[in-house]
Amino acid sequence: MVSAGVVAGLPARYRITVSNDGPATATDVVVTDTLPVDNTATIAPETLFGGEPCSALVAGDFSITFAGVAIGKLTGFTTLAEDACGYDVRAGGTDYVVIVQAETADDFDHPVTTAQAIDKFSDIGEEAIGVARGDDSYEVLVRVSNGYFSVTSPDKGSARALAAAAADRALRV
């Protein structure tokens, strides 16, 4: 079985055990193992951010402008699931929630969006795309060497800046 956390296009290690229970020596044996195609499972949470999704961002990362209003300040964070964290941010008297979570290759390849355009960012991770969400937030989906994650924030500028900061920490294991 291939372990969780294997990224398409990167080498993976797994073991095949073959035995001959017959009475004669086998010659010219060929072993074939077709790996399953599965773009729907998230990577193992421990492969991103050292297994701690709430370590993706730190307080200093939020000293950016949110929704064109004011500089943000981290006021708290909550683990939402084993692969997601919610960060509470206050900017200009308004409270926002920023979410960082592990994603799948399928999520990255087929993002859900209300906008026709998908932005591409070549300076975040190995590859990143951005989409407007139906709730007036903006999501940046990032591919790094050990998986995929997203950052959802109230606007494109803050989502992009926070995704870049998180991408630098994603490789911690």
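**Questions on a predicted model**

Me: Is Ser 150 buried or exposed in this predicted model?
Reply: The model is predicted. Ser 150 lies in strand β8. Its relative accessibility is 1%. The cut-off for buried is under 20%, so Ser 150 counts as buried.

Me: Which side chain makes a polar contact with the side chain of Ser 150?
Reply: Ser 150 touches residues including Ile 99, Val 100 and Gln 101. Glu 103 is also among the residues touched. The polar contact between side chains is at 2.6 Å. The partner is Glu 103.

Me: What is the relative accessibility of Val 151?
Reply: Val 151 is in strand β8. Among the residues Val 151 touches are Val 98, Tyr 138, Leu 162 and Ala 166. Val 151 counts as buried, because its relative accessibility is 0%.

Me: How far apart in space are Val 151 and Ala 102, C-alpha to C-alpha?
Reply: In sequence, Val 151 and Ala 102 are 49 residues apart. Their C-alpha atoms are separated in space by 9.3 Å.

Me: Which element gives the most residues to the largest nonpolar core?
Reply: This core has 33 residues. Leu 57, Tyr 87 and Phe 149 have the most contacts inside it. The elements giving two or more residues are β3, β4, β7 (138-144), β8 (147-153) and α2 (156-169). With six residues, the top contributor is α2.

Me: How many residues are in the second, separate core?
Reply: Ala 105 and Phe 108 belong to the second core. Ile 129 and Tyr 148 are also included. The size of this separate core is six residues.

Me: What is the bridge partner of Tyr 87 in β4?
Reply: β3 and β4 pair in the antiparallel sense, over eight bridges. Tyr 87 is one of the residues with the most contacts inside the largest nonpolar core. Its bridge partner in β4 is Val 98.

Me: Which residue takes a positive phi in the hairpin of β3 and β4?
Reply: Two residues sit between the strands of this hairpin. The phi in question is near 55°. The residue is Gly 92.

Me: Is Ile 71 buried or partly exposed?
Reply: Ile 71 is found in strand β2 (residues 70-81). Among the residues Ile 71 touches are Phe 62, Arg 90, Ala 91 and Gly 92. The relative accessibility of Ile 71 is 48%. Buried needs under 20% and exposed over 50%, so Ile 71 counts as partly exposed.

Me: How far apart in space are Ile 71 and Ala 91, C-alpha to C-alpha?
Reply: Ile 71 and Ala 91 are 20 residues apart in sequence. Ala 91 is one of the residues Ile 71 touches. Between their C-alpha atoms the distance is 5.5 Å.

How values were computed: Residues numbered from 1 in each chain as written. Predicted model: local features only at pLDDT ≥ 70, side-chain atom pairs only at ≥ 80, totals over all residues. Heavy atoms only, no water. Core = buried A, V, L, I, M, F, W, Y, C linked by side-chain atoms within 4.5 Å. Buried < 20%, exposed > 50% of the residue type's maximum accessible area, 1.4 Å probe, protein only. Helix = DSSP H or I, 4+ residues; strand = E, 2+ residues; numbered from the N terminus. Contact = heavy atoms within 4.5 Å. Pairing = 2+ DSSP bridges. Polar contact = N/O pair within 3.5 Å; in protein donor to acceptor, adjacent residues only side chain to side chain. Lists of a residue's contacts leave out its neighbours within four places in sequence.
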